[in-house]
Amino acid sequence: MSEDAVVTLAYSVTYGVVLWYAVRLHFRHRRLTRRS
Amino acid sequence: MTKVRAVMALAAIVAAYGLYLVIAAPPEAVQRTYARILHIHAPSAWLAFLAFFVTAFGSIMWRIRRKPVWDRLAASSAEIGVLFTGLALVTGMIWGKPVWGVYFDWADARMASTAIMFLVYLGYLALRRATRDPELRAARASILGIVAVVQVPLVYFSVNLVRTLHQTPTIRPGGSPIHPAMLQALLVNLAAFTLIYIALLMGRMVVGRLEQEAASALEPVAGAAVLPPRLDGAVDV
């Protein structure tokens, strides 16, 4: 793996996980507000 | 959720600027491009420390005031703290393999103490799922939330206490030994991650409140009111 690929992997994992958590929160919020 | 979206948008702008600074910063003399990973690794770890301090604060406040909002703050912050501790461990591993030659080393004080802290806070989240009673859950979790925070200074100062593989803090009193461009990128990323934390915390607290309301609406209300028939003819009032 090249140096740039390793760095890209680290950034993709970090921002990917943060985005996944934010999207998950968004959908949980939408589901809960629809129910009420 | 409008405020959450506004903070998240601001965080995205600062993060994008941070990313630009990371790319524009010169490669490190020894670690070359790999040093760029530290611009997200260190903020992730900082966020984890901040999140666990907020958990302890929320736990203390719940024990004093007994209001659900403090328990929600503690729980929300712990969840995000676990997320960022996990990220600090993973980015550290991705960086560690090419630079140190190992993904992880239990003999290193910083790595081992961070992994233990990660497991303890996973335990905190598991403890919260052990009971449905919000009062009991908050009472149990608040004790662990207060006790577990002692790990944060231990993890932070572990590199000073035991000199192993991990370096000592880069940003310290009396000047930082890194290039100004690198320092600027690191500080901007630190600000971006703090904003991300604030946005996620606000969003998680809103979701937590809605979940609590939904759970209390589902509680059996008829169970306490319906009484078994009295066979002696007496009437319950």
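α2(B) and α3(B) are roughly antiparallel to each other, on a scale where angles under 35 degrees count as roughly parallel, over 145 as roughly antiparallel, 65 to 115 as roughly perpendicular and the rest as oblique. This is a predicted model, in which local features need pLDDT of at least 70, side-chain atom pairs count only at pLDDT 80 or more, and totals for chains, interfaces and linings use all residues. Chains are lettered from A and ligands numbered from 1 in the order in which they are written, while residues are numbered from 1 along each chain as its sequence is written. Chain A has one helix and zero strands, and chain B has eight helices and zero strands; helices (H or I, at least four residues) and strands (E, at least two) are DSSP runs, numbered from the N terminus.

**Helix packing in chain B**

- Two packed helices are described by the angle between their axes and the distance between the axes. Axes are lines fitted to C-alpha atoms, for helices over the stretch in contact, and angles run from 0 to 180 degrees between N-to-C directions.
- For α2(B) and α3(B), the packing angle is about 160 degrees and the axes are 7 Å apart. The contact of α2(B) with α3(B) has 19 nonpolar, ten polar and two charged residues; here Ala, Val, Leu, Ile, Met, Phe, Trp, Tyr, Cys and Pro count as nonpolar, Asp, Glu, Lys and Arg as charged, and the others, Gly among them, as polar.
- α2(B) passes α3(B) in a left-handed crossing. A crossing is left-handed if the near helix is turned anticlockwise from the far one by less than a right angle, and right-handed if clockwise.
- α3(B) and α4(B) cross at roughly 150 degrees, and their axes come within 10 Å. Their crossing is left-handed, and the residues of the contact of α3(B) with α4(B) comprise twelve nonpolar, four polar and two charged.
- The residues of α3(B) that meet α4(B) include B:Ala75, B:Gly81 and B:Leu89, and those of α4(B) that meet α3(B) include B:Thr114, B:Phe118 and B:Arg128. Two residues are in contact if their C-beta atoms, placed from the backbone, lie within 7 Å.
- α3(B) and α7(B) pack at an angle of about 130 degrees, with 9 Å between their axes. That makes α3(B) oblique to α7(B).
- The crossing of α3(B) and α7(B) is right-handed. The contact of α3(B) with α7(B) divides into eight nonpolar, four polar and four charged residues.
- Among the residues of α3(B) that meet α7(B) are B:Pro68, B:Arg72 and B:Ile80, and among those of α7(B) that meet α3(B) are B:Tyr197, B:Arg204 and B:Gln212.

**Nonpolar core and burial**

- The largest nonpolar core has 64 residues, and those with the most contacts inside it are B:Ala51 and B:Tyr197. The elements that give two or more residues to this core are α1 (3–35) of chain A together with α1 (2–24), α2 (38–65), α3 (68–100), α4 (109–128), α5 (134–147), α6 (151–161) and α7 (180–218) of chain B.
- A nonpolar core is a set of buried Ala, Val, Leu, Ile, Met, Phe, Trp, Tyr and Cys residues joined through C-beta atoms within 7 Å. A residue is buried if 20 or more other C-beta atoms lie within 10 Å of its own, exposed if 12 or fewer, and partly exposed in between, with C-beta atoms placed from the backbone.
- Not counting residues up to four places away in sequence, B:Tyr197 touches B:Leu47, B:Leu50, B:Ala51 and B:Ile80.
- Of the 237 residues of chain B, 38% count as buried. Of the contacts in chain B with a separation of 6 or more, 78% are between residues 24 or more positions apart.

**Chain A and its contact with chain B**

- The C-alpha trace of chain A spans about 50 × 10 × 5 Å along its principal axes. Buried residues make up 14% of its 36 residues.
- Chain A gives 19 residues to the contact and chain B gives 25. The side of chain A that touches chain B has twelve nonpolar, three polar and four charged residues.
- A:Leu9 is placed in helix α1 of chain A and counts as partly exposed, with 15 C-beta neighbours inside 10 Å.
- A:Trp20 also lies in helix α1 of chain A and is exposed, with 11 other C-beta atoms within 10 Å. A:Trp20 and A:Val7 are 13 residues apart in sequence and 20 Å apart in space, C-alpha to C-alpha.

**A loop residue of chain B**

- B:Arg66 is found in the loop between α2 and α3 of chain B. Its phi is near 60 degrees, a positive value in a residue other than glycine.
- B:Arg66 is partly exposed, with 13 other C-beta atoms within 10 Å.
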